[in-house]
Amino acid sequence: MGTYVTLRIAGHEILSTKNSINNAVMTLFVEQDKVARSRGRTMPLAEFFDSQQRGELEEPFLGYETYIHIARDRMEVMGYTMARVRALFEEAMQGWREEHENTHWDSDGLTLEQDLISSVHFDDWLEALGAVLEAKASERDYEQWRTCHRLAPLLLGDLVLADDWLLGFPTDDCRPVIRAVLELFPDKEFVVQDLTDALGSGWSSVRDNLCEQAREDLSFDYPLSQKTIILTEGTSDAWILSGAMKVLFPHLVEYFSFMDFENARIQGGAGSLVQIVKAFAAAGVANRVVALFDNDTGAEEALASLKEVRLLKNIKLVKCPQLELARNYPSIGPTGLQLMDVNGLATSIEMYLGEDVLRDESGELTPVQWRGYSDKLRKYQGEIIGKDKVKSRFREKLRTAPSQEVAHQLPEWQALKLLLRGVLTAFG
């Protein structure tokens, strides 16, 4: 006899492991997702474990729970976008076809299996995945599962040539399959790692921080399982992004760390950021690294010096995105105040803090001032004036920020959401 840990998505059992916890699955969760219940009543963990020791629990549940949209965001941070999942599937299937291209089987059954598998593409597989999960939820008869889709035997593990594939996906990593399953169900359904069966087992201490343990154990997969380092052009950029992430994507905060410019006494600016990127590349830093540059002339000139530098795949360079508000923005130059498109010339992170923050006490947008000219790029470099006042207004905005769901809908948070999305999906 053994005990099982089971992953369920929208109520569907996706993966079950005996006498062990799948570390890759645990990367979908943070420790705050751990939930304990007795007869449906949520309990503090300490009370739950005390009741367990006294034998007072009724219909206990212990596990990790989060919404599908949160798990999906976390997986995309780790690089498991649907585009990557599709590419992994097609690449693996092409490799399988090439490996078996000249194989001749003694059995007609195996020949038919080869023909079936060779014809599969990602969209076919995803369609079959939805059909099989629906059939397993509504039908008890195994034969009904098997006949719900032409590819059902592949997903159910009935094919000899693919019996060790997870739901018909040729991979040793369960996360691409999980990411695909998440795409099939609504945002507010739950992803659950059920540890209840392991209560009282000798092989695991369910009291421990299992998320942290999983990340430590995944040393072979270090870049995916450890925090992504975000490098910015300066100290204020780091706390701005960190604060905005806590409002808009609080479920992703533990997946990132920000360079501490202040304590490290590192000079800010695009040029300094380039030097840090070069140092990280030369040192072979194993963590995934996202270097975020302003969308201005200074950043473009600094980035040009990285074109000849060979960066590892775990380092991504990201520029702040084009901003709609900046297409017709007040700027001050030799000819006075005029409206113009400042994208690519003067859009620093402060420009993404929201129109409510950029407007001064009189309701006017804080203008950009042209401060220099790049002979190399033949472009002016601009900078928003009164940055300290803008940052002060943003601190107040963070202090009075609404809930995550409300902030996602408000227009004054949309530019920051756009900016953060570019950072969060840099490895997608």
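Which element gives the largest share of the lining of the largest cavity? The points below take up that question and then turn to three individual residues.

1. Basis. This is a predicted model, in which local features need pLDDT of at least 70 and side-chain atom pairs count only at pLDDT 80 or more, while totals for chains, interfaces and linings use all residues. Residues are numbered from 1 along each chain as its sequence is written, and side-chain values use heavy atoms, with hydrogens and water left out.

2. Cavity. One cavity of 30 Å³ or more turns up in a search of the whole structure, and the volume of the largest cavity is about 30 Å³. A cavity here is a set of points, on a 1 Å grid over the protein atoms alone, where a 1.4 Å probe fits but cannot get out. Grid points are joined across faces, edges and corners, and the volume is the space filled by probe spheres set on the points.

3. Lining. The largest cavity is lined by Val5, Leu7, Leu15, Ser16, Thr17, Asn22, Val25 and Gln193 (lining residues have an atom within 4 Å of a point). Two or more of these residues come from each of β1 (4-9) and β2 (12-18); β2 supplies the largest share, three residues. Strands (E, at least two residues) and helices (H or I, at least four) are DSSP runs, numbered from the N terminus. By class, the lining has four nonpolar, four polar and no charged residues; Ala, Val, Leu, Ile, Met, Phe, Trp, Tyr, Cys and Pro count as nonpolar, Asp, Glu, Lys and Arg as charged, and the others, Gly among them, as polar.

4. Threonine 6. This residue lies in strand β1. Threonine 6 counts as buried because its relative accessible area is 9% (buried is under 20%, exposed over 50%, partly exposed in between, with a 1.4 Å probe and protein chains only). Its side chain makes a polar contact of 3.4 Å with that of serine 16 (a pair of N or O atoms within 3.5 Å; within protein, one must be able to donate a hydrogen and the other to accept it, and residues adjacent in sequence count only if both atoms are side-chain atoms). Leaving aside neighbours within four places in sequence, threonine 6 is in contact (heavy atoms within 4.5 Å) with Glu13, Leu15, Ser16, Val192, Gln193 and Asp194.

5. Asparagine 19. Although not a glycine, asparagine 19 has a positive phi of about 55 degrees. The residue sits in the loop between β2 and α1 (23-26), and its relative accessibility of 35% makes it partly exposed.

6. Arginine 39. Phi is also positive at arginine 39, near 50 degrees. Arginine 39 belongs to the loop between β3 (34-38) and β4 (41-43) and is exposed, at 56% relative accessible area.

Key. On a 1 Å grid over the protein atoms alone, a cavity is a set of points where a 1.4 Å probe fits but cannot get out, and a pocket is an open set with protein on both sides within 12 Å along at least five of seven lines; lining residues have an atom within 4 Å of a point.
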